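Please read them with the model open.

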2 protein chains.
Amino acid sequence: MTEVRIISRRDLSFLIDDVLSVAALTSRPRFAEHNRATFEAVLDTAERLAASEFAPHNRRSDEAEPSWDGRVVTIIPAVKAALDAFSAAGFLAMRANAADGGAQLPETIVQAVMAMFMAANIATSAYPMLTQAAANLVANFAAPEQRAFWLKPMLEGRVFGTMALTEPQAGSSLADLRTSAEPAGDGTWRLTGSKIFISGGDHELSDNIVHMVLAKIKGTPEEPTPAGVKGISLFLVPKYLPDGKGGRGARNGVTLTGLIHKMGYRGTVSTMLSFGEERPCVGWLVGRPHQGLACMFHMMNEARIAVGLGAAMLGYAGYLHSLDYARTRQQGRPLAAKEPERPPISIIAHADVRRMLLAQKAYAEGGLALCLSAARLVDDAKTAPLDEERRRAALLLGILIPIVKAWPSDYGIAANQLAIQIHGGYGYTRDYPVEQLLRDNRLNPIHEGTNGIQAIDLLGRKIRMEGGRAFATLVAAIRETIAAAANHSALGEDRAALGRALDRAARTTAGLTGVPEADRERALANATVYLDMLGRIVVGWIWLRQGLAAAMRLDASAPPAERDFYCGKLQACRWYMRNEVPLVEHQCALLDAGDATAFEMRDAWF
Amino acid sequence: MTEVRIISRRDLSFLIDDVLSVAALTSRPRFAEHNRATFEAVLDTAERLAASEFAPHNRRSDEAEPSWDGRVVTIIPAVKAALDAFSAAGFLAMRANAADGGAQLPETIVQAVMAMFMAANIATSAYPMLTQAAANLVANFAAPEQRAFWLKPMLEGRVFGTMALTEPQAGSSLADLRTSAEPAGDGTWRLTGSKIFISGGDHELSDNIVHMVLAKIKGTPEEPTPAGVKGISLFLVPKYLPDGKGGRGARNGVTLTGLIHKMGYRGTVSTMLSFGEERPCVGWLVGRPHQGLACMFHMMNEARIAVGLGAAMLGYAGYLHSLDYARTRQQGRPLAAKEPERPPISIIAHADVRRMLLAQKAYAEGGLALCLSAARLVDDAKTAPLDEERRRAALLLGILIPIVKAWPSDYGIAANQLAIQIHGGYGYTRDYPVEQLLRDNRLNPIHEGTNGIQAIDLLGRKIRMEGGRAFATLVAAIRETIAAAANHSALGEDRAALGRALDRAARTTAGLTGVPEADRERALANATVYLDMLGRIVVGWIWLRQGLAAAMRLDASAPPAERDFYCGKLQACRWYMRNEVPLVEHQCALLDAGDATAFEMRDAWF
């Protein structure tokens, strides 16, 4: 097998420069120290490290998954070496404030950097992703003393972080969390309970681990803890307690009770943790009591973008592998020249193989573009000069987030299926990387809110948000792109297809927002259809934006390689508009009719 | 985890009795020794053995896949124990003629039996599946002496069989096979070459192994071997040569050169074999020279039904596991009663979970019904009393086979995805069986002719076959069911939906069969769309037949459990007609337009 690219840097530059105009961010005070060249340098370093430190052990850490002898978790040494290199290059601090030692990079660049590491090795990338998320919570909500103690080592990679939310009995239902916290009287808390599926929950990759734990404060008759999610608070629980002299002290009462053995993502140690079972478990409240979920929501957009992006990049990696395979594997002959005496042709010469590559291109590049667009909205929501711009970006981001999380995870998997199929029997073997990509990707529709939950968030909440303003803002944004495309005859069919689908979706959405309270459960039975339908529109929009950027630059004077690149973008845009976007019609018909087939299905009938 | 059913016997009886009238076959001479009760006894034994011998080691043989120390292949002992029980019960001979010691069972029952073993453990089931296929070739094409020597031990399980077709450089392109055979002068042949992906290619599960090998006879100037597939012959190559006294003699020159490590299906040893490398490899010609593919075609229908059925049964197994999980797992609350003080509900009470179960039911039960219907056509093509009936069955079978192979493998995987999703994070762990089912199933779109090749077979050959008579026969058969459903008002919407889609598909097909030769390669670029489209129609038909059978039996006097069963069938039929069948419209629009997006995509544009 030849060495395959981790990502198309040409594609990434196209998105950053031509579609998202990321360099324009440097005119804003927060990013004033940066320019296009510093962004490029960061991306170069990331690509180099991803290729040299992350990619080479991707298969090995799948085969030799983390093990536990009851005392210590063992992970192949290449993981620590890669993470040390990642930390040393300052990537853990790329999002953080300069005042905290961070690089204060725009979210768009942060996610583009992570995209490369995830394409190279999603499992190893999970450790810094979680650590950045935990550091984000510490930076924003921890008490000054805790912040001062933990933030710097987290940004430097001496302390890693986890998100300890899920419990065995609760799964997606945070309302049912049982882990509890009691005040110890000295400002600290004592935690009791257990958590499951905690990624990075125990290892020797860093000096210490900080768990961000959701728990319920034990109420009193005078001060009862609200039931359900309203009673959840956030705690910082380190594996080793501070020794009081700025260093690492005794083991805290958080203990590993078992490892989870997964289908994929095996390099990321997944753990069951117990709090306060063998010895007292000391924690510090982060944020205010009962505000745990509010704190989590603060970083949920970034976390959901990261999950969508990881899924897109696994799809992207499979696309590039299968493209390479299709170009080098010789087999079969064209229909018009089938004589067996003729030499076989590269399988990319078979139209059905190009179909599978084109679909992958549409899904993978579409997913990457979608996630980076969302990251650009994070930047705008935080740093756009005008109030109104920030507000618009936040609205758009809000309605897009369920799609950004779910769409790439559904279609990244679809891309991975095609990558295997192009490889034929070889793709089913563990000698080629594509089967692992599918196994790794299968987690993404599940974690960080299952796609079913994203669907309910979108149809049950987001489209009604502020009287439907988010949806109206989205429709207006798409119409703007459609209008801009009117100047390019090459996009005539594409803008018409998207426009038709958008009109249909808008009518259907209007009907759904008007559903009376009593019928909402029934309407929500089709939430997944709605999510997939609106995702199709949104990714159509993302593709039209790419098509527009390509059409603007495609002229006779462009060098041949550039022309090829833009033609590829236009063809993928066309494929998506012809093959995917028209399905909106069928889905809207189901939604308009309020299809109740699943809703009315009874347990006893199965 | 509770013990989960391997298959719904109620469903199986429904298909055998109410949909396919299998008992009617016993009026035909070949099956005259049988009756409904003997069928039931065979199915009971199969279910018992599948549960007691096949299911228990399904996970274990995935974890401890076959290994090779350079000398002997080691497979966990449970596999041999299961296969010995299978052979002892006579299942290897269930299809064979009574004169050869076989049970002479109808193909419909043979496949129903295999369905249970495949649902329990697809990897262990592969050995007898291959042995039955090889025995079929030996019975029909081997010279009398070879037939007399090999057939009985194969039917008794003392000798296992393989299909040695694929070569590393050739993959799907049999025209490029390089394995060659030279006459030794004594009636035997000497084979040279290598094969890859040979399932069951070496092991100690049986006393001997017989490889059915495709190879090209070395031509002479006087008698040149035709190029391409026309020059392929079939050879019988045993692992151990006969000792001349009716027993097992010396090792033959077929040697194992390596094991393939796969994503799933791991319990089936997959091998690379070399012929005539270390020592001469002796083979016997089976059938006439250059007629190798014709021999293979003789059992290809049964083999493709078996692959489709395996895929359907993996989907079925996941459906039953996730149904069990959805009924027992407590989580969340209904929208109308979300107060966290209330106890959580079983997740089957969430409409989105019922949606995922209903889709699985439609795919899994639809796939099983499709494959058994095809098996019924095999029986009719061979044993129907009238010439015309046999001919009609053969035509229908011919056009259905690509769908029977491809549809369940695509939608069985879709079902497996949903089974994992219902399990949430647990479904992604190796502690639950659903992730293995997806990994196992991923082989099915690849082997026995990739689904892309099935698509080209359907659109490029089968719909034009005999001037379109096969397609016309299929359309007429579907219209018959639609007409029969007119008597049942409960099916009004369903028959209308299927009728609309069928009209559309017929128009589109007429247009495609008229494509001039020069445009065929371009038209074939959409073969996969056509296969999926026609598959949707055919499975809609299969569901309407089930709906019809249910509607006929659903009356107020039926016992409650029976009513529930029929209501479930009607609801799944409805779900399929509403959710899947209307997509035909979009696919036909693409086909009518002769969408050339993939066809025109250039290598350099990727």
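1. Domains. Chain A is assigned three domains: domain 1 (9–290), domain 2 (300–447) and domain 3 (450–600). These bounds come from an automatic or database domain assignment. The model is predicted: local features need pLDDT of at least 70, side-chain atom pairs count only at pLDDT 80 or more, and totals for chains, interfaces and linings use all residues. Residues are numbered from 1 along each chain as its sequence is written, while chains are lettered from A and ligands numbered from 1 in the order in which they are written.

2. Domain 2 against domain 3. In chain A, the C-alpha centres of these two domains lie 18 Å apart. Their contact takes 23 residues from domain 2 of chain A and 27 residues from domain 3 of chain A; two residues are in contact if their C-beta atoms, placed from the backbone, lie within 7 Å. On the domain 2 side, helix 9 and helix 10 of chain A are the elements that give two or more residues. Helix 10 of chain A supplies the largest share of that side, 13 residues. Helices (H or I, at least four residues) and strands (E, at least two) are DSSP runs, numbered from the N terminus.

3. Chain A against chain B. Here the contact takes 73 residues from chain A and 72 residues from chain B. On the chain A side, helix 17 of chain A gives the most, with eight residues. By class, that side has 34 nonpolar, 21 polar and 18 charged residues. Ala, Val, Leu, Ile, Met, Phe, Trp, Tyr, Cys and Pro count as nonpolar, Asp, Glu, Lys and Arg as charged, and the others, Gly among them, as polar.

4. In helix 1 (residues 9–19) of chain A, the buried residues are Phe14(A), Leu15(A) and Ile16(A). Buried means that 20 or more other C-beta atoms, placed from the backbone, lie within 10 Å of the residue's own. Their cover includes helix 5 (107–120), helix 9 and helix 16 of chain A.

Conventions:
A residue is buried if 20 or more other C-beta atoms lie within 10 Å of its own, exposed if 12 or fewer, and partly exposed in between; C-beta atoms are placed from the backbone.
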